[in-house]
Amino acid sequence: MPFHPNGLTSAPSGKVNPRLDALAHAGGPILTKRIPSWPYADPKDRHVVSYDEYVKTAGYVGLRKAIALKPDAVTEEVKKSVLRGRGGAGFPTGLKWTFLPKLATDDQGREADPGVRYLAINADESEPGTFKDRLLMDFDPHLLLEGIAICAYACRISRAYIFIRGEYHHQAHVLEEAIKEAYAHGIFGPRGLLNGADTARGGPWAVECHVHRGAGAYICGEETGLLEALEGKRGWPRIKPPFPAVKGLFGRPTIINNVETLAHLPSIIEFGGEWFTKHGSPSTLGPNVPGSFGTKLMGVSGHVNRPGCFELELGVPLRVLVEELCGGIRKGRKFKGAIAGGVSMGILGPDQYDAEMDFDIGRKYNVLGLGTACPTVFDDQTDMVAVARNISRFFKHESCGQCTPCREGSGWLFQLMSRIEEGNAKTKDLDLALEIATSMGSMPGTTICGLADGNNWAVRTIMNKYWSEFEKKVKPTFVPVKVSIGANAKRAVSAGANG
Ligand SMILES: Cc1cc2nc3c(=O)[nH]c(=O)nc-3n(C[C@H](O)[C@H](O)[C@H](O)COP(=O)(O)O)c2cc1C
Ligand code: SF4
């Protein structure tokens, strides 16, 4: 595969693609700088980065810089970067950290003991079509561990649990080995971060870090379901408030962040929050809307020639992602649509191929949001009714069953989608399906968590954007109309009026 002199891969045609040049920012990739990846380098050269290699390539520099700052100054830097959560909701990370209870200080400015606080790292990655966190865990586990250490210091957290989906056996093993290395080199452990180094907070700060394997339920990726599962219970989401930052794991203040979110912290602290905002784009929705800054891992699957996970600046148009990086739609076919970023986000229709992959996507293109920024692409031969039926089956299977609208609604939607696909539905079933979808979810205020919203957005946007395909599969609903002619008409009308 030919490579551009600055490490940027040329287009499949062999010519250097100016658009790719523009995509690659001057400093090269950030999250994947040690993981050779398109368009910067050849994925064939990938290997697990050891502690020694990590340190030789400026690893743990961000952590050293972090502990030289007061914890609140670290949080300020993260706020300045406008880093938004990469787990799906896009909530600003620094702001989330400020929801932890404030600590009292004595007259010499020393903080009170925060007691036990937890960091739960969301490595569940169970959103269909999403495969981005695993790239980091497969090859550069210390990047995540450094991010964990920085977050723990900033938030005065002493225990971190990486909650990893059950199917990620290999990734769990890689992480466990890396954690052993990190303990052996004094990153974690009772002496304190970086072998008990003094911190700007005063004295060392000790962090323990463990891997906890999930049992394979989608709902355990929802943050409060995850906490229940970590406590050894069934992964049933909790009603909020109280929010985890106040009362989370084992009733203690807890921060929950996604793997990719935490992996951004070392560079943000090393180069500064402002540096981070040089990548990506400000919001186009107004000055009060947080921008889409930094790079994002985008895992593309579906009907493309070369699926894969790419690190690009937020804001790259979907068309560029598919055409330039994935070699276009398979068999030369046309684009029909794409799940925006995990099935919960709904679908981008045929006329939305140029949608910018940033956090404004929800309001601009009538999807729920950017989600995990891992699109599943469909070609023009795809049966969208089958897609809706398949997705509704997933949600029916994964609903935890606590809330009636989600438990029953997900079952009804699956039944209706199956009936439509089989040709046994009537026109009125289309309205019924839309009504059920619209009325379920934490946003209409009928459920505890967002799983039902995901079900709603997926089914509703597919139906709305491919309405004619659904209409073709249903039989018309006949509404009985009483027609009275001539002399009988008056009697029929007056009988109707009386009766
Ligand atoms: C049904 C459901 C499943 C979710 N699954 C995941 C997941 O697998 N991984 C993840 O990081 N976030 C997932 N989330 C989002 C988390 O609840 C939470 O917002 C996220 O972990 C917060 O981290 P962040 O702020 O760093 O993005 C899910 C949310 C819902 C409603
Ligand atoms: S919305 Fe669905 S998945 Fe979420 S708590 Fe309620 S029943 Fe469970």
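What follows is a talk about the labels used for this structure.

Tutor: Before we start, this is a predicted model, in which local features need pLDDT of at least 70, side-chain atom pairs count only at pLDDT 80 or more, and totals for chains, interfaces and linings use all residues. Residues are numbered from 1 along each chain as its sequence is written, while chains are lettered from A and ligands numbered from 1 in the order in which they are written.

Student: What makes a stretch count as one of the helices or strands of the protein?

Tutor: Helices are DSSP runs of H or I with at least four residues, strands are runs of E with at least two, and both are numbered from the N terminus. By that count the protein has 21 helices and 11 strands.

Student: Why is the protein called as compact as a globular protein of its length?

Tutor: The radius of gyration is taken over C-alpha atoms, and the globule rule is 2.2 Å times the number of residues to the power 0.38. For 499 residues the rule gives 23 Å and the protein has 26 Å, which is close, so it is as compact as a globular protein of that length. The C-alpha trace spans about 100 × 60 × 45 Å along its principal axes.

Student: Which domains does the assignment give?

Tutor: Domain 1 (31–102 + 114–278) and domain 2 (384–473); such bounds come from an automatic or database domain assignment. Their centres, taken over C-alpha atoms, are 35 Å apart.

Student: How many residues of domain 1 are in contact with domain 2?

Tutor: Contact means that the C-beta atoms of two residues, placed from the backbone, lie within 7 Å. On that test, 10 residues of domain 1 touch eight residues of domain 2. The domain 1 side has seven nonpolar, two polar and one charged residues, where Ala, Val, Leu, Ile, Met, Phe, Trp, Tyr, Cys and Pro count as nonpolar, Asp, Glu, Lys and Arg as charged, and the others, Gly among them, as polar.

Student: Why is ligand 1 said to lie between the domains?

Tutor: Domain 1 and domain 2 both give residues to its shell, so ligand 1 lies between them. A residue is near a molecule if its C-beta atom, placed from the backbone, lies within 6 Å of it. For ligand 1 there are 22 surrounding residues, the closest being Gly85, Gly87, Gly221, Thr261 and Gly450. Strand 4 (residues 254–258) gives the most, with three residues. By class, the shell has six nonpolar, 10 polar and six charged residues.

Student: And what surrounds ligand 2?

Tutor: Its shell has 14 residues, and Cys400, Cys403, Cys406, Thr447 and Cys449 are the closest. Helix 17 (404–422) and helix 19 (451–465) are the elements that give two or more residues. Nine residues of this shell are nonpolar, four polar and one charged.

Student: How do you know that strand 1 and strand 4 pair?

Tutor: Two strands pair if DSSP finds at least two bridges between them. Five bridges join strand 1 (residues 118–123) to strand 4, and the two run parallel, with Leu119 opposite Ile255 in strand 4. The pair belongs to an open sheet of four strands in the order 3-2-1-4, with parallel pairing.

Student: What makes strand 3 and strand 4 the edges?

Tutor: Strand 3 (208–213) and strand 4 each pair on one side only. Neighbouring strands here are turned by 20 degrees on average, direction ignored; axes are lines fitted to C-alpha atoms, for helices over the stretch in contact, and angles run from 0 to 180 degrees between N-to-C directions. Helix 7 (residues 141–154) packs on the sheet at about 150 degrees to strand 1, whereas helix 10 (residues 223–230) runs at about 110 degrees to strand 1.
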